[in-house]
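Hello,

Here is the structure we talked about handing over. My notes on it follow below.

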Amino acid sequence: MFEYVTDAASLQRLCERLGRSDWLGLDTEFVRESTFWARLCLLQVSDRDGTIACVDPLAVPLDPLLALIARPGVTTVFHAGSQDLELLHQVGDALPNAVFDTQVAAALLGDDDQIGYAAVVEAHLGVKLAKAHTRTDWSRRPLSESELDYAADDVRHLPALYQSLHDGLVARGRLDWACAESMVYANPDRFINDVDNAWTRVKGVRDLDGTGHTALRMLAAWRERTAMKQDRPRRWIIGDEQLVTLARERPADTAGIAAVAGMPAAVVRKHANALVELLREAEQAPPTEYSGNVPLDRAMRGRLDTMMKYVRARGSELSIAPAMLATRRDCEALLRGERPASLFDTWRRDLITEKLAALAAGA
């Protein structure tokens, strides 16, 4: 059973009950296919006393619940909660004081680092969840009873799952690791839309020269601001492939903009002059130094392979998903002489960092 909360009085009564618990299970449903900003359409919550509720944010302001989530002493339990946390920050500028991510916890106990909620529930609780409404449009009203029941499943099993994973982590001395790793996703800096770093989301940038990379940074920032202003997906403004082509070829006039393969006619019509001006500024600006553009040489690629083999072996030895220990990007950063904070400033330092740094140095 679950409650469906659509008015302020019911939400207040729900929050009074939830306020007696020192942790809350949380999940969200949202739509984002045609917008830049995700639209929160449903918020599901549970607690250790058996409360399960679906709250309709399209019908009732969430302020009392958001205040409860942000209260000191309350741990919020999610599965793969990065998107959920982004939505909470977006709708109420409030984030939990403590977070426990069941995907992170499961990975620290040997499951795949990307294990889904249904898979982790089945693996640790022996419960098989339905998949009947995976394509539901959660912005549509009214939602059916079966759709709401499906959504409630996403928090219905969190109490038992949280307890199972919590106990497993305590038994292996890894609870602090899971809590610290989970809190990375609740850092408010993650949700600041830094348009100057929008280029990091663009694919296919490795073959750009310094001026091309400067152009890409400027073009990606322009696309980000335009998408935010129009509340449209980035790809609806202009695709990654077209951005990279512009950055590489840097056409000097609007005809050159129009000649780029796949360039939307609306972009040419509305923004060609602005793009020409951006590219002109990029030509005159100092080239950007970007070590990621420089391919690893043969010796470094060999060391990278050795490092990744060690990460996999260490993960198997410790029964931890290898990607939780170090990613390929982490290892490449070490090879380029960088010191990734995730390796040097976290629980990983004593487990893997010293050996990886030695392998990166060729030892």
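Notes on the model

H16 crosses H18 in a right-handed sense (right-handed means the near helix is turned clockwise from the far one by less than a right angle, left-handed anticlockwise). This is a predicted model, in which local features need pLDDT of at least 70 and side-chain atom pairs pLDDT 80 or more, while totals for chains, interfaces and linings use all residues. Residues are numbered from 1 along each chain as its sequence is written, and side-chain values use heavy atoms, without hydrogens and water.

The axes of H16 (residues 328-335) and H18 (residues 353-360) come within 9 Å and cross at roughly 55 degrees. Cys331, Leu334 and Leu335 of H16 meet Leu356, Ala357 and Ala360 of H18 (contact: heavy atoms within 4.5 Å). By class, this contact has 6 nonpolar, no polar and no charged residues (Ala, Val, Leu, Ile, Met, Phe, Trp, Tyr, Cys and Pro are nonpolar; Asp, Glu, Lys and Arg charged; the others, Gly among them, polar).

H5 (residues 117-125) and H7 (residues 158-172) pack at about 65 degrees, with axes 10 Å apart. The contact involves Tyr117, Val120, Val121, His124 and Leu125 of H5 and Leu158, Ala160, Leu161, Ser164 and Leu165 of H7.

Ser46, in strand S3 (residues 39-47), is buried at 1% relative accessible area (buried: under 20%, 1.4 Å probe, protein chains only). A polar atom of the Ser46 side chain lies 2.9 Å from the backbone oxygen of Val155.

Regards

How values were computed. Axes are lines fitted to C-alpha atoms, for helices over the stretch in contact, and angles run from 0 to 180 degrees between N-to-C directions. Helices (H or I, at least four residues) and strands (E, at least two) are DSSP runs, numbered from the N terminus. Buried means under 20% relative accessible area, exposed over 50%, partly exposed in between (1.4 Å probe, protein chains only). A polar contact is a pair of N or O atoms within 3.5 Å; within protein, one must be able to donate a hydrogen and the other to accept it, and residues adjacent in sequence count only if both atoms are side-chain atoms.
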